[in-house]
Protein chains: 2
Amino acid sequence: MSTKQKQRARGFFQEHTLYPSMVVAKAASPINKNGFTSPSSTLNLDKGDPLVFGKYWKKKSEECMVVIKGCELMSYLSDTSNVCWYMLPELKDAIERLHHVVRNAVTKDKYIVIGTGTTQLFMAALFALSPSMTTSHPINVVSATPYYSEYKDQLDLFCSERFQWGGDAGEYDKNETYIEVVNYPNNPDGTIKEPMVKSIVEGKLVHDLAYYWPHYTPITHQANHDVMLFTLSKCTGHAGSRIGWAIVKDIEVAKKMVMFVQMSSIGVAKESQTRAAKIMGVICDGYQKFESIEPDQLFFEYCKNILRERWEKLRRSIELRKVFTVAKYPKAYCNFANESFEALPAFVWLKCEEGIENAENYLGKLKIRGRGGVRFGAGSKHVRLSMIGTDDEFTELIKRLSNAKY
Amino acid sequence: MSTKQKQRARGFFQEHTLYPSMVVAKAASPINKNGFTSPSSTLNLDKGDPLVFGKYWKKKSEECMVVIKGCELMSYLSDTSNVCWYMLPELKDAIERLHHVVRNAVTKDKYIVIGTGTTQLFMAALFALSPSMTTSHPINVVSATPYYSEYKDQLDLFCSERFQWGGDAGEYDKNETYIEVVNYPNNPDGTIKEPMVKSIVEGKLVHDLAYYWPHYTPITHQANHDVMLFTLSKCTGHAGSRIGWAIVKDIEVAKKMVMFVQMSSIGVAKESQTRAAKIMGVICDGYQKFESIEPDQLFFEYCKNILRERWEKLRRSIELRKVFTVAKYPKAYCNFANESFEALPAFVWLKCEEGIENAENYLGKLKIRGRGGVRFGAGSKHVRLSMIGTDDEFTELIKRLSNAKY
């Protein structure tokens, strides 16, 4: 490992002090179970726990119910005729059906590989796409700034001889092969980006499409890339289930990803697989058995309305104070919703005005914890806040932002 | 990475041809769902899919039933006041209760960390116990021969600058700190082993107690080590749930393990956590509400009887043919069962007689697929076979072994 790598790894450990950041602040959440608010506690909007969709699922609670008996789902194996031998056939079918309904990604003639969240699949994809360990250099993994901070965190922590964090894709100028991660739409800033590396050397692409769903962003086309990652957490809000899936073009890449998941966790919990299949089925039933449900009660419409309402409130609050600015997203036609709309990202990417140098610190004084721009490779004038927490958290955010003064 | 490490990694890939070994043979399983047997297909007893306990859980199917509604278990977080913030409190309680009932491990004043199977926790433990990446050498991870082959496989595949496979613990003679993995009772050979490294340098220990349960082996004492690993797969047979747990003495080690699980999968599927808690609860209820159940219908007694019957049949078959030998385990007093018995391991470790050089190949001719001794750091005269498959598989094993001729 290079000295630089070691320094990075040390830096990560110091910053995180080896303790999950989500716990430290969350433990002192200002909102208790009854919605009671304590103004002196910090409101943690660092992570994106997607509880916003909970009220939809409360309505659908019985319909989505799964019942698992004592003798069911016992084997390691699920479908040994499939490359992804630990995947339940019902989950494969549900994933394909959901993409067929939403038309956000091509699944035909591709392989589906599931993982314990996209987190595991991201590493599996890097593992599968990097050259074998016989080469002397680890491959550079790059992503355009502002990049999703957890890509870098994972690579810094799991430093390997196969791959290493290579920084901003827009700045990549090495004459070496690389892997570029394209987060589409982008986290933290919600923009639509294409691959950025301009190199004469051929690179490989991983598309993280966690937010390419019609409650967050217009579905303008069916994505059709070599490796596409999706996660239940951001699609339906069931983060506790730890279900991610990859749609993979090349069978050899799919096999290597399966090998990675096998060697790191011998597959994926079947209880959550069966539940994910059920939930996806209920969403699809809504669209395919249209007569039985009011249009505004369909999953993506219902959730888009919640997000739209939140974004409107947030923008009004931001505009009123003039302390922060937030980008305006262009309207685009959504093939799924048959209407044009502006993106409604899961996070807001705030930029503070002249005179304030550190957006994260500024919010800290308002007892709002966000994730500072530096973590995303951007400057300290930016900060990211979750827009997908509970209603109580969002209401408290708007209240606290009203104390911002310039 | 050293040339040796690279060669090992290459070797692993070649051997596995990047495809899960369990699939290749399992796809051609000689036993279909209806128990129909095709003599020309290979019987795969390489892996230990623990379906043997399925018939117990069939009896308890309703009692163990879990019902999960659409709006439940959505958050990433479970209990932010616990070091292991993604662990459901009900699972923590169930794990402690189970160890309290069986008295096989001390949980008092320790930390419980759960993972997606022990597979993930094994890597988490190595990560937590290895020095930070600022040192120049990766730490050696050793285990006494015959060692559990998957330790080595994992380390060869996930070669890192933090740790590397260091071979047989009994041969370790470097003047460098190390981590010794003690598999107790040992997989593949079912023996009871103590730490083997004799070094003036202080090492760290990981105890893998996957099989330290009273259906497999006499519970002679309450294990009380720094890091102890357990898995639902081998305890109850629910391998599909991917639930493992570690009992950890030092809070700093526990925190690092949690960090590893956070960064590699953001926790563990909650559906399987809730089900694991339910299943453990049903086992404990049997022992603690003793009047409601016949003694031979208690989980560990019922399963021990199945394993005892299988071992008797297997030993008779082996003794009759004189092609293989299998070790005799010493009787020991089990504090849990209040009786002495010989170990009834989940795998049989066969040794072939003089004149046969390769036990794995010999079995291959009988259309039985085992895992050869070389994978465990032992010679080719040994082979490991699963004893915990379905009844049909076991019956077929005995039938095929009857064709062995010397």
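In S9(B), which residue is the bridge partner of Thr116(B)? The partner is Ile243(B), and this bridge belongs to the antiparallel pairing of S3(B) with strand S9 (residues 243–248) of chain B, which runs over 6 bridges; strands are said to pair if DSSP finds at least two bridges between them. Helices (H or I, at least four residues) and strands (E, at least two) are DSSP runs, numbered from the N terminus. Strand S3 (residues 111–116) of chain B is largely enclosed by the rest of the structure, because 6 of its 6 residues are buried. A residue is called buried if 20 or more other C-beta atoms, placed from the backbone, lie within 10 Å of its own, exposed if 12 or fewer do, and partly exposed in between.

The model is a predicted one, in which local features need pLDDT of at least 70 and side-chain atom pairs count only at pLDDT 80 or more, while totals for chains, interfaces and linings use all residues. Residues are numbered from 1 along each chain as its sequence is written, and chains are lettered from A and ligands numbered from 1 in the order in which they are written.

Chain A has 12 helices and 16 strands, and of its 406 residues 54% are buried. Of the contacts in chain A between residues at least 6 apart in sequence, 71% join residues at least 24 apart, where a contact requires that the C-beta atoms of two residues, placed from the backbone, lie within 7 Å. The domain assignment, which is automatic or taken from a database, divides chain A into domain 1 (3–56 + 296–401) and domain 2 (64–288). The contact between them takes 39 residues from domain 1 of chain A and 34 residues from domain 2 of chain A. On the side of domain 1 of chain A that touches domain 2 of chain A, H10(A) gives the most, with 5 residues. That side of domain 1 of chain A divides into 27 nonpolar, 6 polar and 6 charged residues, with Ala, Val, Leu, Ile, Met, Phe, Trp, Tyr, Cys and Pro taken as nonpolar, Asp, Glu, Lys and Arg as charged, and the others, Gly among them, as polar.

An open sheet of 4 strands in chain A has the order S10-S13-S16-S15 and antiparallel pairing. Its edge strands, each of which pairs on one side only, are strand S10 (324–325) and strand S15 (371–372) of chain A. S13(A) and S16(A) are joined in the antiparallel sense over 5 bridges, and Val348(A) has Leu385(A) as its bridge partner in S16(A).

We can now turn to the relation between the two chains. Chain B can be laid on chain A with an RMSD of 0.0 Å by a turn of 180° and a shift of 0.0 Å along the axis, the superposition being by least squares on the C-alpha atoms of residues with pLDDT of at least 70 in both copies. The two copies are therefore related as by a two-fold rotation axis. The residue of chain B that comes closest to the rotation axis is Val67(B), whose C-alpha lies at 2.3 Å. The same surface serves both copies, in that 100% of the contact residues of chain B recur in chain A.

The contact between the chains takes 74 residues from chain B and 74 residues from chain A. H8(B) provides the largest share of the side of chain B that touches chain A, 8 residues, and the residues of that side divide into 34 nonpolar, 23 polar and 17 charged. Strand S2 (residues 66–68) of chain A pairs with S2(B) in the antiparallel sense over 3 bridges, and Ile68(A) has Val66(B) as its bridge partner in S2(B).

Ile68(A) and Val66(A) are also among the residues in contact with Thr274(A), neighbours within four places in sequence being left aside. Thr274(A) is placed in helix H9 (residues 270–288) of chain A, and counts as buried because it has 21 C-beta neighbours inside 10 Å.

By contrast, Ser132(A), in the loop between helix H5 (117–129) and strand S4 (139–143) of chain A, is exposed, with 11 other C-beta atoms within 10 Å.
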